[in-house]
Amino acid sequence: MKGTSRDPHLSLGRYLARVRYPYLRAVLDRLELWACQEVPQALKQRGAFMWIDGRWRVGYDQAELARLSPDTIAVLLVHLALHGLFGHSGFSPPGPAEEIALELEVNDDLEEDYRRTGEFRPVYPRDLGLPTGRTWAWYAHQLKERGDDTSGLRPRGCTLAPPAPEEVPGTSPEVQEAARNCVTSALLGSAGGPGNLRRWAERYSKRRLDWRRLLRLHLHRISLARSDYSWKKMRRAGDAYLPRLRGYRPEMDVYVDTSASVSEADLGRFLQELDGMLLALGARARVTCADARAYPTQLVTRASQLELVGGGGTNLAQALRECPPRGDLVVVFTDGHTTRWPDPPGVPVIWVLTPDGVEESRIPFGKVVRLKEEG
């Protein structure tokens with residue numbers, strides 16, 4: 001193993017992939033590329049010279065890749081990015097039918113791109129007399145039902161692989177989920193993207209998440225969206241200097257409803273959830289207590305540092321006017337019994353309701369989650 005890649009040829013391929021497939025940038029930027037001095041024999045027998053594992057580490061045969069144009073490398077990287085996005089890279093296929101089915105789901109969206117480059121031809125659904133636009137599970141079922149012999153088919157270029165060596169850094173599951181959310185937003189918020197990929201985004205967007213996981217994904221998504229390449233800190237790649245990906249740490253504003261309608265038990269839940277949130281994220285937050293007005297903002301790293309003040313009526317609109325959010329994300333702990341709702345602040349909002357709070361349909365904007373009853 002040579003370690004993580006600084007190959008300018010490969011970097012140019014990734015750059016072209018980012019430009020031509022902008023909705024996949026969050027995944028493409030998180031692929032960890034590493035040159036392998038000796039390709040495992042099992043991968044050679046499958047005709048693969050690029051592969052991806054469950055932590056989005058992409059290994060490759062440098063000699064084979066040097067023969068390809070940057071255009072083709074861009075398509076291969078998108079191919080592997082789709083495997084990672086769809087969750088294919090998290091497991092080893094149990095048999096030849098499943099492995100080919102995984103390839104069919106990805107190649108279905110890339111036929112035009114592979115035809116344009118002309119250097120490479122993978123297997124497509126129509127090669128096996130199958131329709132387009134289906135999931136890998138459907139393709140695998142059809143191949144088994146028909147008794148197709150897929151043992152002679154190969155992934156033809158890039159495929160899934162067992163985990164890379166531990167010294168190669170990978171992408172954590174939390175960051176992978178954040179990247180998937182970023183891709184989903186990019187696809188559903190525009191008219192672009194292949195049909196199969198858009199159908200995946202529609203299915204993925206319907207998943208239900210607990211609120212802390214939702215918060216982590218929002219923060220990771222903001223970080224991914226606002227991270228970009230910078231020429232201020234360059235990295236050397238052979239004889240060339242390339243821009244370095246510069247990360248972004250999101251800031252968060254938290255509002256705690258301390259009005260008379262919120263019981264002491266609910267305030268205890270709020271503090272417990274706030275403490276868990278701060279510990280899980282390893283972050284600090286600007287916390288504002290609010291009833292019919294906003295009280296001075298407190299910067300805390302633990303809920304025990306927060307001084308709860310309030311006890312009057314509830315007017316969240318007035319509170320947010322007096323103390324508008326300054327960060328990238330807003331979290332509001334409340335029972336929802338406010339005389340007036342605030343206007344959307346222009347950043348994502350997560351409403352964390354008490355178990356007996358108002359109906360979720362009454363919340364005018366943002367994501368709404370409800371705390372569970374204790375016990």
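**Reading terms off a predicted model**

Mentor: This model is predicted. A search of the whole structure finds 13 salt bridges.

Trainee: What makes Glu251 and Arg286 a salt bridge?

Mentor: Their closest N and O atoms are 3.3 Å apart. The cut-off is within 4 Å, between a side-chain nitrogen of Lys or Arg and a carboxyl oxygen of Asp or Glu. Therefore the pair of Glu251 and Arg286, at 3.3 Å, counts as a salt bridge.

Trainee: Where in the chain do Glu251 and Arg286 lie?

Mentor: Glu251 is in the loop between strand 7 and strand 8. Arg286 is in strand 9. They are 35 residues apart, so the pair links distant parts of the chain.

Trainee: Why is Arg286 called buried?

Mentor: Its relative accessible area is 13%. Buried means under 20%. So Arg286 is buried.

Trainee: Why is Glu251 called partly exposed?

Mentor: Glu251 has a relative accessible area of 41%.

Trainee: Which other salt bridge does Arg286 form?

Mentor: One with Asp253, where the closest N and O atoms are 2.9 Å apart. Asp253 is in strand 8, 33 residues from Arg286. Asp253 is buried, and so is Arg286.

Trainee: What joins Glu111, Arg115, Arg126 and Asp127 into one network?

Mentor: Salt bridges that share partners. In one of the salt bridges, the side chains of Asp127 and Arg126 meet at 4.0 Å, N to O. Asp127 is partly exposed at 33%, and Arg126 is partly exposed at 49%.

Trainee: How do you know that Leu130 is buried?

Mentor: Its relative accessibility is 8%. The limit is under 20%, so Leu130 counts as buried. Leu130 lies in the loop between helix 7 and helix 8. Among the residues it touches are Leu104, Pro125, Trp138 and Leu143.

Technical notes:
Residues are numbered from 1 along each chain as its sequence is written. This is a predicted model: local features need pLDDT of at least 70, side-chain atom pairs count only at pLDDT 80 or more; totals for chains, interfaces and linings use all residues. Side-chain values use heavy atoms; hydrogens and water are left out. Helices (H or I, at least four residues) and strands (E, at least two) are DSSP runs, numbered from the N terminus. Buried means under 20% relative accessible area, exposed over 50%, partly exposed in between (1.4 Å probe, protein chains only). Contact means heavy atoms within 4.5 Å. Lists of a residue's contacts leave out its neighbours within four places in sequence.
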